Amino acid sequence: MRTLTPSAALIAAALIAAPLSAQSGWTVSKGDGTAALVFGKPETTNAFRLDCSAKGTSISTWTRRPPRNVTEGEFPTRLSLFQGNREIVIGSTGRVLPAGGTRVDGLLDNPAAILDGMTRQSRFVLVSFAGRGTAPSPSAETLQQFREACPKG
């Protein structure tokens, strides 16, 4: 049996303690009165972000290009989040970005139910006018970290 050196022991402990969020690609960040659950790099295709604050919980995604016949500004659209055989339609607003592409944001009506549904799915599937975006579902531990980081009230 081999004994670890102190530096090897610290590295091993850090790897063991690393959040499971890194395994699925989802991370949780906290700000002043806000929290975010993020997959991918914001402003890139197939990146997803859930934000919570005292005002509510929203979901955002980005696409490479706006819908046909839209060249600037904001436009009404929708997102469809699929959980098993259930489709959750989210009224949303798209914004054409100066650098190209779009950002689509929608306010969640029942974030607790959506987060609970995410724990039972192996894939996160969100459909917009640009098509389907998918990611591995966040781990139960990552979702719990997000819930705990969200402001109450």
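Which two side chains meet in a salt bridge at 2.8 Å, N to O? They are those of Asp105 and Arg103, where a salt bridge is a side-chain nitrogen of Lys or Arg within 4 Å of a carboxyl oxygen of Asp or Glu. I will come back to that pair, but let me begin with what kind of model this is.

What you see above is a predicted model, in which local features need pLDDT of at least 70 and side-chain atom pairs count only at pLDDT 80 or more, while totals for chains, interfaces and linings use all residues. Residues are numbered from 1 along each chain as its sequence is written, and side-chain values use heavy atoms, with hydrogens and water left out.

Let me turn to the overall layout. The protein has four helices and nine strands, taken as DSSP runs numbered from the N terminus, with H or I and at least four residues for helices, and E and at least two for strands. Read from the N terminus, the order of elements is α-α-β-β-β-β-β-β-β-α-β-β-α. Of the 153 residues, 35% are buried; here buried means under 20% relative accessible area, exposed means over 50%, and partly exposed lies in between, with a 1.4 Å probe and protein chains only. If we take contacts, meaning heavy atoms within 4.5 Å, between residues at least 6 apart in sequence, then 50% of them join residues at least 24 apart.

Now to the covalent link. A disulfide is a covalent bond between the sulfur atoms of two cysteines, and the rule used here is a pair of cysteine sulfur atoms within 2.5 Å. By that rule there is one disulfide, formed by Cys52 and Cys150 with their sulfur atoms 1.9 Å apart. Because Cys52 lies in strand E3 (residues 48-53) and Cys150 in the segment after helix H4 (140-149), the pair ties together parts that are 98 residues apart in sequence. The link between Cys52 and Cys150 is left-handed, with -100 degrees about the S-S bond, and both Cys52 and Cys150 are buried.

Next, the charged pairs. Side chains of opposite charge can pair when their charged atoms come close, and a search of the whole structure finds six salt bridges. Returning to the opening pair, Asp105 is buried at 16% relative accessibility, whereas Arg103 is partly exposed at 28%. Both belong to a network of salt bridges that links Glu74, Arg95, Arg103 and Asp105.

Arg95 deserves a moment of its own. This residue lies in strand E6 (residues 86-96) and is partly exposed, at 30% relative accessibility. Leaving aside residues up to four places away in sequence, Arg95 touches Gly73, Glu74, Phe75, Gly101, Thr102, Arg103 and Asp105.

Another of the salt bridges joins the side chains of Arg78 and Glu87, at 3.9 Å from N to O. Arg78 is partly exposed, with a relative accessible area of 47%, and Glu87 is also partly exposed, at 39%.

How do H3 and H4 pack against each other? Their axes, which are lines fitted to C-alpha atoms over the stretch in contact, with angles from 0 to 180 degrees between N-to-C directions, lie 10 Å apart at an angle of about 160 degrees. That makes H3 roughly antiparallel to H4, a description used for angles over 145 degrees, with under 35 counted as roughly parallel, 65 to 115 as roughly perpendicular and the rest as oblique. In this packing, Ala112, Leu115, Asp116, Met118 and Thr119 in H3 meet Leu143, Phe146 and Arg147 in H4.

Two of those residues also form a salt bridge, since the closest N and O atoms of Asp116 and Arg147 are 2.6 Å apart. Asp116 lies in helix H3 (residues 111-119) and Arg147 in helix H4, so the pair ties together parts that are 31 residues apart in sequence. Asp116 is partly exposed at 35% relative accessibility, as is Arg147 at 23%.

Finally, a word on the backbone. Most residues other than glycine have a negative phi, and most peptide bonds are trans. Glu43, however, has a positive phi, near 75 degrees; Glu43 sits in the loop between strand E2 (34-39) and E3 and is exposed, with a relative accessible area of 61%. Asn69 has a positive phi as well, near 70 degrees, and is found in the loop between strand E4 (56-63) and strand E5 (74-83), where Asn69 counts as exposed at 76% relative accessibility.
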